[in-house]
Amino acid sequence: MAAVIIDGKAFAAKVRAQVGAAVTALKAQGITPGLAVVLVGEDPASQVYVRNKHRQTIEVGMNSFEHRLPAETPEADLLALIAQLNADTAVDGILVQLPLPAHLNAELVINAIDPTKDVDGFHIDNVGKLVTGQKSMVPCTPLGSLMLLRDSLGDLNGLEAVVIGRSNIVGKPMANLLLQQGCTVTIAHSRTRDLPAVVRRADIVVAAVGRPEMVKGEWLKPGATVIDVGINRIQPAGADKAKLVGDCDFDSCAAVAGAITPVPGGVGPMTIACLLANTLTATCRRYGLPEPVGLTA
Ligand SMILES: NC(=O)C1=CN([C@@H]2O[C@H](COP(=O)(O)OP(=O)(O)OC[C@H]3O[C@@H](n4cnc5c(N)ncnc54)[C@H](OP(=O)(O)O)[C@@H]3O)[C@@H](O)[C@H]2O)C=CC1
Ligand SMILES: Nc1nc(=O)c2c([nH]1)NC[C@@H]1CN(c3ccc(C(=O)N[C@@H](CCC(=O)O)C(=O)O)cc3)C=[N+]21
Ligand SMILES: [Mg+2]
């Protein structure tokens, strides 16, 4: 049996429609949510994401504020911009695109953001709240991945989950969310011994590695649900155009999995949809309004 292909692009469109409807209702009360995105430097991939975020922010009816700074921007200037955005009443959400140029201390910069406006959920206050089960802003990629898993599988209690990757932006928050959902969670990484054997026990595999097509179908338990977070641009031999692939070898995995997200069209679109959902959530909390249903963890 071939796997169900999880349509993240379609799911993300539904999330954005729900966000858009909520924004329309807020605007009728005189509130327009605003998202500020800060991009330092000229990384081409980052430019594409920032452009997509801007377009989709406008499409759901929010205000979008873009701040593009030169690669050599001094840290003090970036911190001053963040202080200004923290104080700006038109700004409900702030995202600083990562990675930052090497001379900037990303940890310091992220922790300078007002945690209630930290729509990436990377501020240490939000990380601590997520780990201890307090209400927080949840990182967009893990939140979007969880929405897809709950839609595919329903109740996740008792399931074996293996998260490959232990980064602060994907692997660790994903593992914490799955733990909260009642999964038995294993976090694998570059030091893991016998990764195929670890992956084989999983009902849920989340691959966030950054290695093109690394996870093979033979590693999977038949029927497993596979969330492929990886975004890798590769140059296939003989082809003239670069191609986007995930961290999973799609064809061999789809032959064994029960369900799998494609790349593109899987987790990527959910990440941006959840960024908008988090901006809406931040706005509702700020005004003491009820939070949107189904858009938080
Ligand atoms: N779809 C989306 O919206 C998003 C996609 N991404 C993509 O997800 C992927 C992961 O991103 P990110 O978490 O930032 O990446 P990082 O490079 O920060 O982390 C990668 C993790 O994978 C582990 N790893 C590397 N090689 C191996 C290996 N051979 N076996 C097992 N584990 C390994 C590393 O282990 P160790 O810690 O030991 O070094 C590390 O924990 C990338 O492809 C990125 O482009 C990222 C963000 C959003
Ligand atoms: N502060 C911060 N927050 C982030 O959330 C953040 C970041 N920095 N830095 C970079 C990563 C990466 N990321 C993606 C978002 C959307 C797609 C996406 O929409 N992907 C499309 C394809 C897009 C394409 O063609 O390149 C898809 O998978 O279908 C991918 C990757 C967010 N990130
Ligand atoms: Mg406003």
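The C-alpha centres of domain 1 and domain 2 lie 28 Å apart. Domain 1 covers residues 30–115 and domain 2 covers residues 140–268, with bounds that come from an automatic or database domain assignment. The structure is a predicted model, in which local features need pLDDT of at least 70 and side-chain atom pairs count only at pLDDT 80 or more, while totals for chains, interfaces and linings use all residues. Residues are numbered from 1 along each chain as its sequence is written, and chains are lettered from A and ligands numbered from 1 in the order in which they are written.

A UniProt record, in an unreviewed entry, lists residues 139–285 as "domain: Tetrahydrofolate dehydrogenase/cyclohydrolase NAD(P)-binding". UniProt positions are given in the numbering used here, feature names are shortened, and annotations may be inferred rather than shown by experiment. The span 139–285 is 36% helix and 18% strand, and its end C-alpha atoms lie 17 Å apart. Helices (H or I, at least four residues) and strands (E, at least two) are DSSP runs, numbered from the N terminus.

Ligand 1 is surrounded by 26 residues, of which the closest are G165, S167, S190, G210 and T271. A residue is near a molecule or strand if its C-beta atom, placed from the backbone, lies within 6 Å of it. Helix 10 gives the most to this shell, with three residues. By class, the shell around ligand 1 holds ten nonpolar, twelve polar and four charged residues. Here Ala, Val, Leu, Ile, Met, Phe, Trp, Tyr, Cys and Pro count as nonpolar, Asp, Glu, Lys and Arg as charged, and the others, Gly among them, as polar.

The backbone also deserves attention. A cis peptide bond, with omega about 0°, joins L98 and P99; P99 lies in the loop between strand 4 (93–96) and helix 4 (106–111). The bond from V263 to P264 is likewise cis, with omega near 0°, and P264 is placed in the loop between strand 11 (259–260) and helix 10 (267–286).

Positive phi values are found at two further loop positions. D194, which is not a glycine, has a phi of about 55° and sits in the loop between strand 6 (184–188) and helix 8 (195–199). D194 counts as exposed because it has 9 C-beta neighbours inside 10 Å. E213, also a residue other than glycine, has a positive phi near 55° and belongs to the loop between strand 7 (204–207) and strand 8 (225–228). With 19 C-beta neighbours inside 10 Å, E213 counts as partly exposed. A residue is buried if 20 or more other C-beta atoms lie within 10 Å of its own, exposed if 12 or fewer, and partly exposed in between, with C-beta atoms placed from the backbone.
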